Amino acid sequence: TGNRLTGLRCRGRPTNPLRILQLDDNQLAALPECVGWFPRLLELHVRRNKLQILPSSIRYLQFLRHLDIRCNQFDQLPDFLTNLTSLEFLELSVPVNLSFSPMVQVSYEAKADC
């Protein structure tokens, strides 16, 4: 968090069971596909970056419960987010035209607050 990272690189498959990935307050323009290599990831926080798209590998995070993507530069979000069956909390900056399970708490933060 807050390291001013501009990119991430992947080197081989991870061997540790990462549960929370906190990348808030950086300068990330993209997330690498290896984000999906952490099948037991429970929380992904990428608030206040410069993301425009999410990697398709996020669809494999079937245990993901909390996704915070507020304060980025998304024009739209991928449909596969609705298939994250364990998702409980989704934090956004802009409303989306996706239908989530009633079990998902979707919250919005005004872009002006970013």
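Biologist: What makes Cys114 partly exposed?

Modeller: Its relative accessible area is 41%, and partly exposed is what lies between buried, under 20%, and exposed, over 50% (1.4 Å probe, protein chains only). So Cys114 counts as partly exposed. Keep in mind that this is a predicted model, where local features need pLDDT of at least 70, side-chain atom pairs count only at pLDDT 80 or more, and totals for chains, interfaces and linings use all residues. Residues are numbered from 1 along each chain as its sequence is written, and side-chain values use heavy atoms, with hydrogens and water left out.

Biologist: And why is Cys71 called buried?

Modeller: Cys71 has a relative accessibility of 7%, so it counts as buried.

Biologist: How do you know that Cys71 and Cys114 form a disulfide?

Modeller: Their sulfur atoms sit 2.1 Å apart, and a disulfide is a pair of cysteine sulfur atoms within 2.5 Å. A search of the whole structure turns up 1 disulfide.

Biologist: What does that pair tie together?

Modeller: Cys71 is in the loop between strand 3 (66-68) and strand 4 (89-92), and Cys114 is in the segment after strand 5 (105-108), so parts 43 residues apart in sequence get linked. The chain has 0 helices and 5 strands; helices (H or I, at least four residues) and strands (E, at least two) are DSSP runs, numbered from the N terminus.
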